[in-house]
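Colleague: I would like to learn how to read side-chain contacts, cores and helix packing in a model. Please take the general idea and then the case at hand.

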Amino acid sequence: MAREARKLSNSGNYYIELNGRELFITDDDKNRFVEILEKNFATGVIHGYELTKTEIRLVVKEGEKGISMTMKPVTTSYARYFNRVHEREGKLFAGRFKSDPLETTSEIEECINNLKRQKPKKKTVKRMAENVKRTAVPEKNQSVKQTSIAQKERETQPAKKNRDLPPWLL
């Protein structure tokens, strides 16, 4: 079965996630990854990033070559460095990188703000959605909270599957 094609962003902005068992052992590893990232995104923009032992999360604007061709040298260069320095062989990353297109500035800002937060599990997201549904209807003597500009933007835009935020952001 063929894998699903990567969803492309009209604005060129993406939330990217790379996973692995042990991506960083020392602070030098993190510094080297950031150097490689900055070098390869010379024509793009790095809005923000979060580096943990098992996960790399980025909010970026693609360069001239597109997101796939910009990320390829980042992942291969870092994997070569890591394997050479730590005297190991084999794959460093678990599968290909995941990307979600970000179209509006509010989506980009929300992703940047959520980079440092823990990614909730799918069950937690489901429970959060159920709680939102329960509290969305105000009782008779309860005042209605004002919606933010970003929420109004999302409500006025037609819902498209390729423009939805990742489920952990909801």
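Colleague: Which residues does Met71 touch, not counting residues up to four places away in sequence?

Modeller: Contact means heavy atoms within 4.5 Å. By that criterion Met71 touches Ile16, Leu18, Phe41, Leu58 and Phe97, not counting residues up to four places away in sequence. This is a predicted model: local features need pLDDT of at least 70, side-chain atom pairs count only at pLDDT 80 or more, and totals for chains, interfaces and linings use all residues. Residues are numbered from 1 along each chain as its sequence is written, and side-chain values use heavy atoms, with hydrogens and water left out.

Colleague: How many residues does the largest nonpolar core have?

Modeller: In soluble globular proteins, nonpolar side chains tend to be buried together. A nonpolar core is a set of buried Ala, Val, Leu, Ile, Met, Phe, Trp, Tyr and Cys residues joined through side-chain atoms within 4.5 Å; buried means under 20% relative accessible area, exposed over 50%, partly exposed in between (1.4 Å probe, protein chains only). Here the largest core has 24 residues, and Ile16, Phe33, Ile56, Ile67, Met71, Tyr78 and Phe93 have the most contacts inside it. Strand 1 (13-19), helix 1, strand 3 (55-61) and helix 2 each give two or more residues to this core. Helix 2 supplies the largest share, seven residues. Helices (H or I, at least four residues) and strands (E, at least two) are DSSP runs, numbered from the N terminus. A second, separate core of six residues includes Tyr15, Val59, Ile108 and Cys111.

Colleague: At what angle do the axes of helix 1 and helix 2 cross?

Modeller: Two packed helices are described by the angle between their axes and the distance between the axes. Axes are lines fitted to C-alpha atoms, for helices over the stretch in contact, and angles run from 0 to 180 degrees between N-to-C directions. The axes of helix 1 (residues 27-40) and helix 2 (residues 67-85) cross at roughly 150 degrees and come within 9 Å. Helix 1 is therefore roughly antiparallel to helix 2 (under 35 degrees is roughly parallel, over 145 roughly antiparallel, 65 to 115 roughly perpendicular, the rest oblique).

Colleague: Is Asp29 buried or exposed?

Modeller: Asp29, in helix 1, counts as buried because its relative accessibility is 0%. Leaving aside neighbours within four places in sequence, Asp29 is in contact with Phe24, Tyr78, Tyr81, Phe82 and His86. Glu35, also found in helix 1, counts as partly exposed at 47% relative accessibility.
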